[in-house]
Amino acid sequence: MLVFAASDKGGTGRSVTSANLAYQRALTGDHVAYVDFDFGSPTAAAVFDVPGAMRGTEERGLHSYLEGDVTEPARIDVWRQTEHPLLRARPNQSGRLVLFPGDAGGGEFATGEDALERCADLLLRLHGEFDLVVVDLSAGRSYAVDMVLAATAHPRMRYVPFRWLVFHRWTRQHVIAASGLVHKENGIIKGGVDRGHDEQTLRDNIRFVRAAVPDPESPLWAQGSPAQAAWMQACDEALRRLAAEHRIGDSVVLGVVPLEPILQWREQLITEEDVLATQIANKETLEALEEIARRLTDDSHWGRP
Amino acid sequence: MRPGESAPHAVLACGEVRTCLLPAQQALDSRAAAQLLGLRADERVLLSERPNLYGRSPDILTGVDCPLPSANGSRVRAVGTVAARASLTEGRVLQSSAYFRVPAAGPDHRRPWGHYLVRPGVVEPFGTLPREAVAQGLLAGGRHGDLDVGLIAGGLLTRLLRHPLLDQRPPLKSRPTRLRWVALPADPGDGPSIERFTLAEDELRTVRLRVPEDTRSADVAGLCDDLALHDWLLTTVVRILDGIRLGSAPPPARPRPTAEDDRPPVVRALRPAVDHLLHLWMPRARVAEQLAPLWDVLEERPGFTRQWQTLVQRIRDQLTLHAIPSPHREVEPVP
């Protein structure tokens, strides 16, 4: 299964959330690849805490691979190479978790047929090796988005199942932008159809993840006044209506990640330790991530009985 | 010895083999294998059906002119051709193998290409070859820009994997492996020997051999293909069995994703091994007679076939256990 993580804007928590989903799936025993196609601003190294392992991959990352400078992109075994003390003790029965980093300092780029073929080669190879391949894409209708839309429409990839997650924050602007990224004239669906995807199939394989959503019921806001609480409720209501009008209502939402203070401070993986022992992260956040990770391959959440 | 090999004796041979599962739902029959492996219009694919179904492409040559990797930093420029070929075993396991041999010394200037073209698979050094340093450098992997035989093997594999015959629906998840080898001449009178066989990284193996001086490098490459094939089989089946431990007792807090079919997870995981891998074990099937004794050493230690038989037995035991209707099983079988 390939999972593409997209968002219209930066700062939606796309990278950190999709990395957490990859981590959660690896904990359940799946072999997981995390592919950093966020060419503008690669953050995966920070999230997985592998800065040391990144040294020496500067010229062997996905950029160099797609441009044909190297025949195999660098890979980082997260359990083995992370500097995060908890992750290094690879949990028993976990699957492999492998990061494919971008090149340091590689921006967006445009190349043609060759890069597309190499992209298909890579995705096919990873599909043959891993149970789950999470591909983090640069924000917006980026080159990365176009490339994977074209690659997944490639005849060689006709039997490879894929799904899209579109991340957005829970504000008016983000809801409208996320809807636009998928449904607008130059959105993912139209772009996919132009490249040979079946419209209905593509539509059925896109779900939304609301990230950094403040829960009015949460103890975080318990100190607020009744007026503030009422205002938040009203906003939440209005946003739900707005989302539904923009065709990204609850029926196409795969999950909601609550606003998590530690993720506001630092992009990182949320471990059980963070919730149970040090209690710096909220239980609800971890549960939401676990649940979304599970739903990635649960067909009942993808309109299939 | 072929006419092309009459040039100065090779004192070093080197190669790399990539081994992977053919990404197709059904194994290829011999006709399809011939199509896949038909890399050259002017030469036929070698096909054989005894003792197992096997196809091998003709050699293709890649011209090279670059430094040889070396352990001590000395830069020896070398020019010549690297030979590469692909093979398919039982229509299921695909291998690409690139190799070359190096004479002890060469002229310190580049000769016309015609000179190199009549010596396929020979790379000539400029001046004298620092043999030991280059052998170590080749196994360790060179710097960017050094001669990289793995790059040639990888390029050939990529080309084959794009073939339209392949539906890209592999029946099981598996990892490709790489096996890099160097062969140095044995002392006069000595037979072939394996000096070292290491599992360097996750998917990289390195082998250092000594072979009698008249051994053809294509035969050494054939031996290493055979080693790589069986090492890949062991690695892949071990991983399948590792995986079922995960599936058999999921922690209740994290249920496994729902599956479409209701076979027990263990059976679902083991079935592809039975369908596609267990019948492939056949060491020495195509190893030159002169080199076949090397397998005996590996059978002694670490004991390739011994491990394989244990794995096969485990798989059969698991399937037998699951064939018993569950009310009659006292406990859930755990591997």
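Leaving aside neighbours within four places in sequence, A:Leu123 is in contact with A:Leu2, A:Val133, A:Ala151, A:Met157 and A:Val160; two residues are in contact if their C-beta atoms, placed from the backbone, lie within 7 Å. This is a predicted model, in which local features need pLDDT of at least 70 and side-chain atom pairs count only at pLDDT 80 or more, while totals for chains, interfaces and linings use all residues. Residues are numbered from 1 along each chain as its sequence is written, and chains are lettered from A and ligands numbered from 1 in the order in which they are written.

A:Leu123 also belongs to the largest nonpolar core, where A:Leu123, A:Val133, A:Val134 and A:Val135 touch the most other members of the 90. Such a core is a set of buried Ala, Val, Leu, Ile, Met, Phe, Trp, Tyr and Cys residues joined through C-beta atoms within 7 Å, buried being 20 or more other C-beta atoms within 10 Å of a residue's own, with C-beta atoms placed from the backbone. Helix H8 of chain A (residues 143–153) gives the most to this core, eight residues; helices are DSSP runs of H or I, at least four residues, numbered from the N terminus. Another core, apart from this one, has 77 residues, including B:Val79 and B:Tyr116.

Where chains A and B meet, 20 residues of chain A and 21 residues of chain B take part. On the chain B side, H4(B) supplies the largest share, five residues.

Within chain B, an automatic or database domain assignment gives domain 1 (3–219) and domain 2 (235–328). Their C-alpha centres lie 29 Å apart, and each domain brings 16 residues to the contact.

Terms used
Helix = DSSP H or I, 4+ residues; strand = E, 2+ residues; numbered from the N terminus. Buried ≥ 20, exposed ≤ 12 C-beta atoms within 10 Å, placed from the backbone.
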